[in-house]
Structures are given as C-alpha cells and as structure tokens.
Amino acid sequence: MPVLALLSAVFVVAFEQVVQWKYGATGVVGLLLLTIGVKAKSPSVSSAGAVVLALLVAGPAL
C-alpha cells in the first residue's frame, strides 16, 4: 500500500510540473481550482478550473 501511495504522489507532482512548464502559473491555478472543486464537491469551483484549463489549451486555436 505505501508503494501505491508513493507512486500516485510522484505521478501527481510530475503532472503538476508538466502543466506548470507548458501553461505557466495560470495552468497551475486552473488545475488547483479543478482539484479543490472536485474534492469539495463544488461544481462552480471545479467548472471555473475546467474553463481556465480549456481556455489555455484552446487559446492558440482561437
């Protein structure tokens, strides 16, 4: 069980670093809002995070 927890923590940190590297601080804020909204079961906060991430991803295409 501790190995699974360690692997998931490493994956989360690596994913966060990739988002920060590719999308900057705004991407981290969007990811943070999405994560907090899901954990708190708040649709408005998670939707705001999802919109921020969607705008960052689709920004060059717009």
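Leu33 lies in helix H1. The model discussed here is predicted.

Biologist: Why is Leu33 called partly exposed?

Modeller: Its relative accessible area is 28%. Buried means under 20% and exposed over 50%, so Leu33 counts as partly exposed.

Biologist: Which residues does Leu33 contact, leaving aside its neighbours within four places in sequence?

Modeller: Leu33 is in contact with Val45, Ser46 and Gly49.

Biologist: What makes H1 and H2 roughly antiparallel to each other?

Modeller: Helix H1 (residues 2-39) and helix H2 (residues 43-58) pack at an angle of about 150 degrees. Angles over 145 degrees count as roughly antiparallel, and the pair is therefore described in that way. The helix axes are 7 Å apart, and H1 passes H2 in a left-handed crossing.

Biologist: What is the make-up of the contact of H1 with H2 by class?

Modeller: The contact has 12 nonpolar and 6 polar residues, with no charged residues.

Biologist: How many helices and strands does the protein chain have, and what share of its residues is buried?

Modeller: The chain has 2 helices and 0 strands. Of its 62 residues, 15% count as buried. The accessible surface comes to about 4,700 Å², and 78% of that surface belongs to carbon and sulfur atoms.

Methods:
Residues numbered from 1 in each chain as written. Predicted model: local features only at pLDDT ≥ 70, side-chain atom pairs only at ≥ 80, totals over all residues. Heavy atoms only, no water. Axes fitted to C-alpha atoms, helices over the stretch in contact; angles between N-to-C directions. Helix = DSSP H or I, 4+ residues; strand = E, 2+ residues; numbered from the N terminus. Parallel < 35°, antiparallel > 145°, perpendicular 65-115°, else oblique. Left-handed = near helix turned anticlockwise from the far one by under 90°. Nonpolar A, V, L, I, M, F, W, Y, C, P; charged D, E, K, R; others polar. Buried < 20%, exposed > 50% of the residue type's maximum accessible area, 1.4 Å probe, protein only. Areas by Shrake-Rupley, 256 points an atom, 1.4 Å probe, with all protein chains shown as cover. Contact = heavy atoms within 4.5 Å.
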